[in-house]
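This report describes selected features of a single protein chain. The sequence and structure are shown first.

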Amino acid sequence: MALDQARNVGPACPRNWYLLAQARELERGAILTRSLGAIEVVLFRGRDNGRVVAFAAHCAHAGCHLQHGKVVGDALRCALHHRVIRADGKFVAKDGGVLASSPQTCFPVAERFGCIFVFAGASATFELPVPEIGAAGLIATRSLPAQSFPLTWSTLISNGMDIDHLQAVHDRAMREPPTLRQIDAHRLRLDYCAAVTGRHLSDHVMKWIANDEIRTSITCIGGSMMLVESRVGRRRTFVLLSMCPDAQAGSTVRAVVGVAGAPDRLGTQIAVRLAAWLFHAFLQKDVGILQQMDWHEPEVELTQGDGLTRRLCDFFRSLPDFDAAPAHLESKHLESTPAELPQSRAPSLMVAAGGRGG
């Protein structure tokens, strides 16, 4: 496999959900600007209904940046000509009628887990994932600090699902052979059971809580999102990590941690703070290692991790790219379905990761 091909592991910005802000960052009437791949997105919260709206950052009329606008009711008024843009992207006249002009490009928004998610596309092709504990009952959540890296989303996801790296750097030992399976066109899931072997304070705490057995599933969603669900002792937790690409081929990682339980109970509040600390300590082990990384897909499968990583990269290459064209043009692209995995490797996606050549 040529090296340039080994680095070509998926679209620059997959058509996916992205965690762009914490809900508390956007009060009623407030405006935020975020990067979504090569374009900027403006988020605002309506003054009346409190709903969040996401627009392409530059006004479709004359190109003014909408961060300079003003929220009027549940709409946004552009600063340049004071034209009002409704939440559906349509421009309205002073008499309330709809102007005959191209609409402002809008993006789907979901507000969950105390966070604001935006879908990179004119319409969401799949639902924002819900962790198993979120579907089963009440949960408490806590966001982790955002971190930026000069690395692609595929590098970061590959690092997060690398079994060899998990054992070497994060001090985990496999109790059972991990398995990898494709759930659907948007999701690839890795399951494993591990013991803690590290000597850091966080390792000792995790080992005590987990009784030295952690059952974990890591689901790669849409390529650039990773849902980690764990059973640690009697506690079930999750962390949802979003790798949001920027225009310089880097990524901003935002994450939210959740635990099962009523959010207003003291025990649950303590549990979610502890879970956030443990996840943060776990992720911090990677910060130095990721600096100056020039990652590429393994050319040959020497270990179980190499085999899983190559299958993960096949999944990345099957994903559709985000097209930032206006809504009336982008809808044409949404009619096509994501490509299937290459036939050469698709049958082997469900594997016990014993690897080749160990």
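What distance should the 19 residues of helix α6 span at 1.5 Å a residue? The model is predicted: local features need pLDDT of at least 70, side-chain atom pairs count only at pLDDT 80 or more, and totals for chains, interfaces and linings use all residues. Residues are numbered from 1 along each chain as its sequence is written, and side-chain values use heavy atoms, without hydrogens and water.

Helix α6 (residues 266-284) should span 27 Å, which agrees with the 27 Å between its end C-alpha atoms. The expected span is 1.5 Å times one less than the number of residues; helices (H or I, at least four residues) and strands (E, at least two) are DSSP runs numbered from the N terminus.

Buried means under 20% relative accessible area, exposed over 50%, and partly exposed in between (1.4 Å probe, protein chains only).

| Class in α6 | Residues |
|---|---|
| Buried | Thr 268, Ala 271, Val 272, Ala 275, Ala 276, Leu 278, Phe 279 |
| Exposed | Leu 266, Ile 270 |

The buried residues of α6 fall within an arc of 165° seen down its axis, so they line one face of the helix; the arc is that of the directions from the helix axis to the C-beta atoms.

An open sheet contains 4 strands, ordered β2-β3-β4-β9 with antiparallel pairing; two strands pair if DSSP finds at least two bridges between them. Its edge strands are β2 (31-36) and β9 (106-107). Strand β4 (residues 52-56) is joined to β9 by 2 bridges, and Ala 54 has Phe 107 in β9 as its bridge partner.
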